[in-house]
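Here's a quick briefing to read alongside the coordinates. Have a look at the overall fold first, then at the individual spots picked out below.

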Amino acid sequence: MKLTKYSVIAASAAIVFGACGGGGSASLNKNIQIAVELPFQGSEKAASDPILNGIRLAVKQAGGKVGDFTVTVPNSAVFDDALNGVHDAQTGANNMTKIVGDPNYVAVVGPLNSSVAKAEIPVSNAAGLLQCSPANTNPDLTAGAAAAALRTKPNNYIRVVTTDAVQGPAGAAYIIKELGKKSVYIIDDTETFGKGVADSFEAEFKARGGTVVKRDAAPKTTQDYVSIMTAAKALNPESIYFGGVTATGGARILLAAAQVGLGDIPFVGPDGINDGSGETKDSFLNLAAAAAKNAYSTLAGPGTFEGKDKFDADYKAEYGIDSTGYAGQGFACTQVVLDALKRAIATNPKTDAELREAVRVAGTDSTYTYSLNVGSVTFDKNGDTSQLIVSIYSVDPAGANGKGDWKYETQIDAAVK
Amino acid sequence: MTAIASPAAHPNPLARGLRMTAIAVAAVIAYLVVLWMALSLFGGRTIDAAFPEALQQTVNALSIGAIYALIALGYTMVYGIIELINFAHGDIFMLGAFLSVVFIGGITGNNEAVTNIPLLIILILGALILTMPIIGLLNAGIERAVYRPLRKAPRLAPLITAVGVSFILQNVALTIAGSGDRRAPQIFPLDWQISVGGAEISILSIFIFVLAMVLMLGLQAFVTRTRLGRAMRATAQDQEAAALMGVDANQTISLTFLIGGMLAAAAGLVWGLRFGYVRFDLGFNSGLKAFTAAVLGGIGNITGAVIGGFIIGFIENFAAALGYARWQEFLIFVILTLVLIFRPTGILGQHSGDRA
Amino acid sequence: MTATMEVRSAGSPSPRARLRAYAHGHRSATIVVSMVLITAAMIVLAQVPPLSLIQRQNAWFDAFANAGTFVLLAMGLNVVVGLAGLLDLGYAAFFAIGSYTYAYSNSPFSQTDLPFLPMLVVGAAVAAVFGIALGAPTLRLRGDYLAIMTLGFGEIVPIVFLNLDKWTEGTNGIGGIFRPEPLPVLGEFSALSPFPYYILMVGIVTVAMILLYRMQDSRIGRAWNAIREDELAAAANGINTVTTKLLAFAIGATTAGFAGVFNASKLTIVSPEQFLFAVSFSVLAMVILGGMGNIWGVAAGALLVYLIQVVLLKQLNGMVEGLGIPFLTEINFLDYQYLLFGVALVLMMLFRPEGLFPSQRRRRELHIADELAGPIDEPAVIGSLGAAPGADELGDTSGQDLRGHDR
């Protein structure tokens, strides 16, 4: 151990050397970028691609400019938080470290998954970088002690979708009021989103006087759904609620339900099963096919809004495909960022750091009303949207060339309950 | 040394068969009664309502158990003959399921049930005749390419190779078919049911059970009554002695992989018919459960694997029936652990020397 | 081992050989010096092209710190798989246990805030206890049963954390975990400065490496070797095989526990989905690619594989996209990483079972089979290798049936 003394010196030298690096520039760069942080592997790629398209469409429609600043979303600004084919919190946090360390980025749009957001918010918050999620619906990200634990500085995180705490209850209200069913069998996929939305559904369903015949859960690795649905059948539910997404078993459960004779009662699920028409590969309607005739889905955003037709047409014109999933929400997030940037520039920031902070302050301003493609929106001090609209879709078996498609039914606005 | 069980050694095969059948029927009835009681005591059902439900669940358990048993046979045979846990066997099953989807989907072009009975039989038989040899040959080919060169290597080497092969097969399926569920055409009409004791029993589950039984009895007959089967048993017992007696060990081992692959392919076909979907990672959990079944029955033992498969089916079904589906895997692994600790030779296994 | 090395260096007194001999004699000091040099080199490398072009310095430190987690995991698994020859397919379970232990001791969920360094030890100890609890009844089993048992354990642990949501926050995971309190020299740990994490990780890896090398060179290490090579012979030579294997298992679990505590304190969230089979498999691939049995080798293998996964493949995507060749831009290289892992594992086993950075002993051991076998159709000549090149210690497999000894 003779060398220990030297190694200590060497180590301290290394530390000093390392600490010298980095440091932001004191100038103001007018070529700025919006970072995008989404999973782009496996099945989640299908959800992230439309969001990225929506983001780029919004930048393009703004002419790529805000004042005398150019705004771009180059491929180098698009970060992938998937590892081994599925979203990964560690990778997300690592990406966020990269993003906050680069003064070119004034804001970040993403992520897709709430569990990734939990690892990212501490980083983006400490750096004071505006973060807008087009798809996180977990309530713990914004409100309550759990959310506070993620933050060390003033809030920097907003989202344009409502939380599961709104989407689940909307499903419950629809089943009881519109479909007239008084009892339900609930099954979730044991994952963050699925369980959360099923929890809030269950609470609301009970609060409205409905009967929950059974609350079940089956992880996505379950093999034999027929046995589970046989047990459900014996409880004679008037409807079925599934908390989860197609990839974690939505269609499998419906197929098994149809097989045991539960095919004629309403099957209601969250936006996770509203993933395209029967023509879309891997989608709920494609897999469930004829069994989906009594399926309904909720979507945590307005199904019809003033700018919807325009957005859809623009999207189609730009990319040659229909907009799906949260494309409109990706667009909306980017509108928020660009709007905040405009107001930030008006405060005459002198450095990159000042601009970033000004964008954060403007973006999270709870008194400001945004005019987005989805309508007029404000964000509360936690970053939650004022737009508590959940839209309901049913299945039109004749849609999409007879393969079945989702058909907008109605929307429920929890704000005017 | 484990060995593929040799029921031919029994003085009276017919009596043994009858005894086994009686035990099996008694076990199924016992499960039915236990489930019936459990449902009415803990499930909140009335005793009258619980019976048809329990009956239906028992049939469900036999269906899924039959699928596990078919897969487990591949594990047990391979282990019996070269003492390798063929980690990739579950993925062979998955590829079998995919191949039958491609075949049936390619011919029917849609997902609709085929009510024309002769046509249905032709389709299913055709799918079996096509997929079983292809998947069997694939399995044997894998053995030839990567396991055989390692037969004399330290034991860890082929095992790690098998893990690698498993990931290759999964990711090949992932690359070709994508990561989501794929629709499997349910050509067997699901509304064909018969009413028994107030329960609606689907003909499909009976078909799955019968098909699995036919294949397993066929295997049993092959192993006990043919020259090649005898060579297989001999190789399992003592490879070198068998070689001295003129048995071609390589050929026999290839044959074992071939048969294991064929049975897995059949399991894959009925999987698609029953559950209506296939996915690239289907083989991982199915494989684990089937392997557990093989260990439970006594690895290396053909009858044991079948029994183990059904036991796993029953355990899984029991959890689902009482609303604890999310604990299924937990239960199965706890049982695996307990079996390995207290009776590592399994229910029917012979004593194995290497327990150090 | 030592003897062999010295004989060789005596034969060729070049400076390199002398350095090697010195390094062998002063292993701990060598490790410390090497780690310091590597750490400093990585700090420098992160600030100059080409690395500085790929991502900023802080992002590199962050990546290095995360890679360190996998280096630790790989070194730990190496004890189990590489040294003792037991296949553990559920190693992520111990990583999970370490992570959750820290989460319970330092989060708003448990409302406790215990100091980091002691918890590092506690987390490792808890993981070790679970390792022993799992190992004690199962290590009597034959090796391939053990593989399945550990696989089962690896599946069960996330399921339990997932399903007992009252105590574990279930699928949401425990979030808002407190970071380590400021440490002397390193300063404050924050989300924005990965540098202290990096240095801390280097420290943990260094300590772990010293301890593991000492263990490997000690009586215990030789016992592991003996068991791996021939368990019966080892037992016949008076080694208590169960205790020795159990120790390997416990050491492996301990190392994973360290990694878990560090991981939780850095990521600030633990949830069951972080500990699935993919993690166990990745770490196993790292060990095998790096070279089973060689501590430096697996550490290098882990660093390499992690950086390839997280940095290089993504970079490759960007570069290929930049080329603008229509067919190639469609390829997402990340989608193929498991396929590559699988292929690499199989090819390694077939052609280079000793890994990329093999240990001398392991290489000799693994190639005995080649020398022995010839065409496999003919039974190998048995017992002719009593003086195999590696037979300088007890229990070197003297060319007995290498597949096992259970007949």
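A word on terms first: helices (H or I, at least four residues) and strands (E, at least two) are DSSP runs, numbered from the N terminus. Keep in mind that this is a predicted model. With that numbering, Ala289(A) sits in the loop that links α10 (284-288) to β14 (295-299) in chain A.

**Chain A overall**
- Chain A has 14 helices and 18 strands.
- For 417 residues, a compact globule would have a radius of gyration near 22 Å, and the 23 Å of chain A agrees with that.
- The C-alpha trace of chain A spans about 75 × 60 × 40 Å along its principal axes.
- Some 63% of the 417 residues of chain A count as buried.
- If you take the contacts in chain A with a separation of 6 or more, 77% of them come from residues 24 or more positions apart.

- Ala289(A) isn't a glycine, yet its phi is positive, at about 45 degrees.
- Ala289(A) counts as buried because it has 23 C-beta neighbours inside 10 Å, and 20 or more is the cut-off.
- Glu169(C) is another non-glycine with a positive phi, about 60 degrees.
- You'll find Glu169(C) in the loop between α9 (165-168) and α10 of chain C, and its 22 C-beta neighbours inside 10 Å make it buried.
- Gly110(A) and Pro111(A) are joined by a cis peptide bond, with omega at about -5 degrees.
- Pro111(A) belongs to the loop between β7 (105-109) and α4 (114-127) of chain A.

**A helix pair in chain C**
- Helix α3 (residues 27-45) and helix α10 (residues 195-217) of chain C have axes that come within 10 Å and cross at roughly 155 degrees.
- Angles over 145 degrees count as roughly antiparallel, so that is how α3(C) runs relative to α10(C).
- The crossing of α3(C) and α10(C) is right-handed.
- On the α3(C) side, the residues that meet α10(C) include Ile31(C), Val32(C) and Met35(C); among their partners in α10(C) are Val202(C), Met209(C) and Tyr213(C).
- By class, the contact of α3(C) with α10(C) has seven nonpolar, three polar and one charged residues.

**One spot in chain B**
- Val25(B) is part of helix α1 (residues 13-42) of chain B.
- Is Val25(B) buried or exposed? Val25(B) is exposed, since 10 other C-beta atoms lie within 10 Å and 12 or fewer counts as exposed.
- Val25(B) and Ile341(B) are 316 residues apart along the chain, and their C-alpha atoms are separated by 29 Å.

Technical notes:
Residues are numbered from 1 along each chain as its sequence is written. Chains are lettered from A and ligands numbered from 1 in the order in which they are written. This is a predicted model: local features need pLDDT of at least 70, side-chain atom pairs count only at pLDDT 80 or more; totals for chains, interfaces and linings use all residues. The radius of gyration is taken over C-alpha atoms; the globule rule is 2.2 Å times the number of residues to the power 0.38. Two residues are in contact if their C-beta atoms, placed from the backbone, lie within 7 Å. Axes are lines fitted to C-alpha atoms, for helices over the stretch in contact, and angles run from 0 to 180 degrees between N-to-C directions. Angles under 35 degrees count as roughly parallel, over 145 as roughly antiparallel, 65 to 115 as roughly perpendicular and the rest as oblique. A crossing is left-handed if the near helix is turned anticlockwise from the far one by less than a right angle, and right-handed if clockwise. Ala, Val, Leu, Ile, Met, Phe, Trp, Tyr, Cys and Pro count as nonpolar, Asp, Glu, Lys and Arg as charged, and the others, Gly among them, as polar.
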